[in-house]
Amino acid sequence: MSSRTVPITERADNPPVVAPGHDYRSVTQVISDVVLEFPLKRDWLIGFGIVAFFLSVLLVALLYLVLRGVGIWGINIPVAWGFAIVNFVWWIGIGHAGTLISAILLLMKQDWRTSINRFAEAMTLFAVICAGLFPLAHTGRPWLSYWLFPYPSTMNMWPQPRSPLIWDVFAVSTYFTVSLLFWYVGLVPDLATLRDRARKRWQQIVFGIFALGWTGSARHWLRYEMAYLLLAGLATPLVVSVHTVVSFDFAVSQVPGWHTTIFPPYFVAGAIHSGFAMVMSLAVPARAYYGLRDFITMRHLQNMAKLMIATSWIVAYGYIMEIFMAWYSGGQAEWFMVVNRMTGPYAPLYWLLWLTNIFSAQLFWFKGIRTNTIALFVLSIIINVGMWLERVVIVITSLHRDFLPSSWAMFYPTFWDWATYLGTIGLFLTLMFLFMRVLPAISMTEMKALVPPPAPLPTRQETVGHEMSVQT
Amino acid sequence: MNHENGNEPAVYGLLAEFDTPDQLLAATRAAYDAGFRKIDAYSPLPVHGLAEAVGFHKTRVSLVVLIGALCGAAFGYGLQYFMVALSYVHNVGGRPIHSWPSFIPVTFETSVLFASIFAVVGMLAMNGLPKPYNALFNAPRFGLASDDRFFLCIESRDPKFELDGTREFLESLNAYEVTVVHD
């Protein structure tokens with residue numbers, strides 16, 4: 001609670017992390033009222049209806065998949081990894097910004113992360129759920145997906161840990177579990193606040209159960225903070241490892257365009273690029289609708305926009321290095337792959353990728369755009385599309401024409417490819433809609449560390465005579 | 001809230017309420033200096049130095065996490081060694097049976113997984129959570145400990161605890177209010 005040093009980023013020309021005039025009580029009120037008091041409005045129900053419709057599209061698409069098999073998608077040899085893998089990589093990448101914001105920025109003591117971390121962690125969880133659906137569905141027999149895990153089976157067989165696909169099973173399941181733990185641990189003190197503020201009996205019971213009897217004891221806080229810090233320290237290398245392992249799924253193979261050492265860092269940077277875009281796409285409407293502009297300020301949106309400039313250049317470096325290495329390797333198939341990407345049947349997607357992912361992010365250099373929420377929202381959607389196109393380009397253009405021209409073929413997505421993809425967006429947004437309603441979307445505990453501590457109550461001030469009364 | 005007759009349930013302790021984190025910190029230090037040991041301070045957010053003030057200096061969370069990480073690493077590596085070198089020996093591309101570099105990613109993931117689970121379960125277990133019933137919840141204003149109020153509790157199992165004297169002591173610390181908490 002001692003006074004914090006003011007970093008350079010809090011100079012007068014920067015909008016504050018928290019709007020002035022807030023104290024502990026107003027933080028509690030504004031954030032917990034969204035959960036406890038906010039009325040169920042008609043426009044929320046309409047929005048929820050739309051996203052729930054797409055969720056039901058997903059259920060239908062998955063049901064049809066189970067009935068008919070993966071032949072309902074456009075995949076075939078040579079493009080056996082179609083939308084399923086594109087979407088898997090896209091979703092898991094989106095999840096990564098959540099961990100970056102909550103863990104890495106915590107370790108770097110970036111105060112501004114506080115109001116968006118809860119929200120970003122929820123985004124991570126839901127994105128990983130969407131991501132996990134795709135490889136399971138892509139196995140063709142999802143009811144046998146437990147075969148992916150090592151267990152003593154009557155077949156006397158074990159998974160093969162020399163394959164990146166098994167690394168992926170461990171990486172993604174670990175990532176989901178650790179993200180869930182991190183998110184829940186962060187929620188416990190806030191759940192206690194909700195328990196104490198709830199007036200309806202059932203709310204007191206439900207929040208009481210999940211708050212685990214949290215009291216805010218000094219001993220508990222010390223262990224809690226240590227555990228939280230260590231979780232952040234564990235999640236930081238984990239998030240890098242997860243997308244590295246995802247990129248190994250490609251890089252360890254010999255397919256031209258996949259077999260390259262730039263993949264791990266380039267995938268991780270791309271993941272963060274798309275993740276920030278998704279946080280932006282969600283935060284801009286949410287802060288307006290729930291009246292959270294005081295806590296998710298322009299400062300947050302601007303910082304994310306600036307980070308996206310940086311990640312766009314790392315990603316651009318990856319694109320350029322892919323081209324350079326293909327040329328420098330002297331491999332005929334590698335160079336052909338680059339030329340085919342730029343001028344072949346999927347060339348428009350490749351150039352659209354540069355436009356949406358790299359060039360559009362450069363608009364964030366302009367202050368007028370960084371401070372305009374509508375522009376930020378539109379650009380973040382464009383970057384999300386761009387990062388999806390990146391995975392399309394990587395997966396499909398590499399596979400569709402490899403070493404043997406007699407095996408070349410085109411990939412065209414079917415109705416069910418699109419239905420499954422849009423369906424997972426519906427699942428993701430449905431979970432986000434519910435999360436914003438039933439849990440505090442901003443960490444009250446951590447926000448309180450950013451506002452000035454309360455002054456002694458006026459009625460007591462006359463009797464409190466000595467030095468401990470007015471220190472702040 | 002008064003302590004007039006013997007029909008009341010047993011006294012858990014005395015709870016003093018404060019307005020600010022600094023007041024709580026000063027009061028807690030004063031209580032510790034006065035010889036009270038079964039004390040705890042409650043705040044809506046972590047207050048730097050408060051755990052030390054109640055006489056709690058070192059957590060063992062990091063040790064538990066280290067043990068978790070080592071268990072996870074041993075489990076992950078051992079599992080893979082068992083799978084491909086003992087139980088289901090299989091030549092893949094002429095690589096050695098014990099091809100350790102390809103075991104590293106899974107070993108890393110299981111280390112992180114076990115360490116994280118140990119961190120959370122260990123932290124909760126050492127804190128004695130989940131604890132659905134806590135005598136402090138009987139205090140009417142204690143709910144504000146998760147909002148914007150600060151509390152110091154001197155528990156009745158402290159050898160120096162005696163109702164009237166301790167209450168006077170707490171009141172002398174400029175508490176906003178001192179209440180008796182019953183079990």
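Trainee: Which helix of chain A gives the most to the lining of the second largest cavity?

Mentor: Helix 5 of chain A does, with five residues. Helices here are DSSP runs of H or I, at least four residues, numbered from the N terminus. A cavity is a set of points on a 1 Å grid over the protein atoms alone where a 1.4 Å probe fits but cannot get out, and lining residues have an atom within 4 Å of a point.

Trainee: Before more of that, what kind of model is this?

Mentor: This is a predicted model, in which local features need pLDDT of at least 70 and side-chain atom pairs count only at pLDDT 80 or more, while totals for chains, interfaces and linings use all residues. Residues are numbered from 1 along each chain as its sequence is written, chains are lettered from A and ligands numbered from 1 in the order in which they are written, and side-chain values use heavy atoms, with hydrogens and water left out.

Trainee: Back to the second largest cavity. What is its volume?

Mentor: About 70 Å³. A volume is the space filled by probe spheres set on the points, and grid points are joined across faces, edges and corners.

Trainee: Which helices each supply at least two residues of that lining?

Mentor: Helix 3 (83-107), helix 4 (114-138), helix 5 and helix 7 (218-251) of chain A. Among the lining residues are A:E121, A:Y175 and A:W183.

Trainee: How does that lining divide by class?

Mentor: Six nonpolar, five polar and one charged. Ala, Val, Leu, Ile, Met, Phe, Trp, Tyr, Cys and Pro count as nonpolar, Asp, Glu, Lys and Arg as charged, and the others, Gly among them, as polar.

Trainee: And how much space lies in the largest cavity?

Mentor: About 100 Å³. Of the 18 residues that line the largest cavity, A:P189, A:A192, A:W214, B:A145 and B:S146 are the closest to its centre. Helix 5 of chain A gives the most to this lining too, with six residues.

Trainee: How many cavities of 30 Å³ or more are there?

Mentor: The count is five.

Trainee: New topic. Is A:Q203 buried or exposed?

Mentor: A:Q203 counts as buried because its relative accessibility is 7%. Buried means under 20% relative accessible area, exposed over 50%, and partly exposed in between, with a 1.4 Å probe and protein chains only.

Trainee: Where is A:Q203, and what is A:Q203 in contact with?

Mentor: A:Q203 sits in helix 6 (residues 201-211) of chain A. Leaving aside neighbours within four places in sequence, A:Q203 is in contact (heavy atoms within 4.5 Å) with A:L36, A:A198 and A:G208.

Conventions
1 Å grid on protein atoms, 1.4 Å probe; cavity = no way out; pocket = protein on both sides within 12 Å on 5 of 7 lines; lining within 4 Å.
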